[in-house]
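Here is a short briefing on how two protein chains meet. Look at the sequence and structure first, then read the points below.

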Number of protein chains: 2
Amino acid sequence: MRCDHQSSRSFQSAFLFSALLAGLLGSVVMAEAQEFKDLQKPKSPLLLKAQGSFFVGGEKVVQTEAELGSVGPAGHISINQMYVRYMVPEAGDSNVPVVMIHGATLTGKSWETTPDGRMGWDEYFVRRGHPVYVPDQVSRGRSGFNQAVFDNVRGGTAQPGVQPPFLRFSDEVVWPNFRFGPNQGVPYPDEQFPVAAVDELAMQSVPDMNRGLPIPNPNFKTLSDLAIQLKGAVLMGHSQGGIFPVGAALTDSTGIKGMVLVEPGSCPATYTDRQIATLATIPLLVVFGDHLGDTPSGIPGHSWQTAFDGCKAFISRVKAAGGKAQMLHPPDHGIRGNSHMIMQDKNNLQIADLILKWIDENVGKSKLSNK
Amino acid sequence: MRCDHQSSRSFQSAFLFSALLAGLLGSVVMAEAQEFKDLQKPKSPLLLKAQGSFFVGGEKVVQTEAELGSVGPAGHISINQMYVRYMVPEAGDSNVPVVMIHGATLTGKSWETTPDGRMGWDEYFVRRGHPVYVPDQVSRGRSGFNQAVFDNVRGGTAQPGVQPPFLRFSDEVVWPNFRFGPNQGVPYPDEQFPVAAVDELAMQSVPDMNRGLPIPNPNFKTLSDLAIQLKGAVLMGHSQGGIFPVGAALTDSTGIKGMVLVEPGSCPATYTDRQIATLATIPLLVVFGDHLGDTPSGIPGHSWQTAFDGCKAFISRVKAAGGKAQMLHPPDHGIRGNSHMIMQDKNNLQIADLILKWIDENVGKSKLSNK
């Protein structure tokens, strides 16, 4: 059941007007809520050696009764742990594991069933023989977050300004920023994102308090620890999490056998030559979809074309240091219309095949042991 | 990697002292962090017809740029949706689906791999032929929550006191309240919870803002909608979510073919005779573990013995109205030592078998169609 609040009336009017206007310019897609019946069952069953979930990282802190929401006595809680869900294929646990890290305001759900009910990359990579590990970033989703500052502000023992913001992207930001089309409700003619199900993507969003995380970001060490526990893994990150494989590798590269950066928000130019030398020991793939410069991104100061260009420069530096690094840009292969949510696009399995081929050729088919 | 903050030193000393004291009185268990290698692989593979995730419910609201954390323009977001993960066994999708709803400060993780790495009820019920659906409560985990009030307080447009509290239970609350033993770190001699892995349970905790939810609780309609979409399901709730099957049934009982209340916080005496008459049309099982009155619960004003007695009275009312309702109290079957986290206890599959038997006998082996 979806419905609009009364307070949204004026916004609706504005939306309807722009939709009408857009109708004169291109095709307008009206979003529809997914029904359970829309979930598509695969043609063959999934055979798993194991599945489940566990935690990595975490630390104990002591908090006051007020910091705990006054629901019982003060004491210890765990913060900064990372929830990880996993599936191990019956036939393939000798293949290299793949860890899939989501982006801003999202959770591990990004990699699961697509908004229009098709198979996600989590299951597809398992069916292609790889154990798959899907975390929620520290501070998001089932990993939880440190609530103390919010309860202190509520209780008057901290000033409101010390609360980190909870970030959410409006639908109006998502449409241009995720490159669904040139105007809200209007897809690009070759758009691959299943825009009729865009409201299902909106439901994947959770409040993001990354700006309240400690420095260094605990996700980096947690991910490098996870890779070591797995005795070698490919880390694949998306969007705001796109650079996390690099952050993890610069924390401890021991377990990291490959880095796949899917539409990273940026590839910083500030890495030192020594850091680049470390990164050059690990195969690197960067993936960007289509329409990178066709429309302003919707977030002031952000440009996907700039991110793409920065990542090409990053790849060049890694290669100059002797690394195996490359860009996967589907338009170069004649594949057009991919969005920022490329793992959910209508041709998501076609893109997955290109990444799987890269893993086979650059990381190896077999699980690698630790040094 | 787990470590204690410096600020916890004095607390540690107190803990060590009480642990030493407890050592004179009973067995002391030192908690250990789970290692990935602790995850136990099942003896036979899991064969799934389908698995994945989707959302139920949700509504669109319009929020200001500040309410969205000032990360982009104002606009629409989705709130009050419910994330649901599912697994459908290859052989058994004609059996009645089971929906497993977690309790306070927790997520759907409650039902997954146990803290000491054994199979959770989610997989076990699938292996016993039932499609299983595991939600995160609206406002928790991957379902997200409405962050607007927090960002308004941060921005100074709302007073701190309007923020709902984020609830967490300290380890010191959990031990007696979840009935692991009489004193922190000291288990009951027959304790069934895997207390050596208690720190893994601590990592399952996320901030709980249930007190900020609208009234009526959106979980009730969302769960009754889910049961209808599934064309009939058993709703099983735990602890704070223990009464949710009843709340869902009183919202719309159409899809609800059975209610299993696992250690509900309470069974209210305030239902009207008309409400009881509705509930009497649905088979009802209430499950409580052991040591209900042996130790104060750790939360002022709360008593598990009182909850148990209240649920016995509730069962009597439902039966008097012609319903099939019963209490499953393992000590009555000679099974001792079960905790509040009964789905994670060392004998969790033994308890699951008793619930599965009740479903077979009272709901039926076959999936039921809607009226």
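How many residues of chain B are in contact with chain A? The count is 96 residues of chain B, touching 98 residues of chain A. Contact means heavy atoms within 4.5 Å.

This is a predicted model, where local features need pLDDT of at least 70 and side-chain atom pairs count only at pLDDT 80 or more, while totals for chains, interfaces and linings use all residues. Residues are numbered from 1 along each chain as its sequence is written, chains are lettered from A in the order in which they are written, and side-chain values use heavy atoms, with hydrogens and water left out.

**Buried area**
- About 8,600 Å² is buried between chain B and chain A.
- Carbon and sulfur atoms give 54% of that area.
- Buried area is the accessible area (1.4 Å probe) that two parts lose on being put together, summed over both.

- The rule finds eight salt bridges across the interface of chain B and chain A.
- A salt bridge needs a side-chain nitrogen of Lys or Arg within 4 Å of a carboxyl oxygen of Asp or Glu.
- Asp136(A) and Arg142(B) form a salt bridge through their side chains, at 2.8 Å from N to O.

**Strands across the interface**
- Strand S1 (residues 46-63) of chain A is joined to S1(B) by three bridges.
- These two strands run antiparallel.
- Strands are DSSP runs (E, at least two residues), numbered from the N terminus, and two strands pair if DSSP finds at least two bridges between them.
- Leu48(A) stands opposite Leu46(B) in S1(B).

Methods:
Helices (H or I, at least four residues) and strands (E, at least two) are DSSP runs, numbered from the N terminus.
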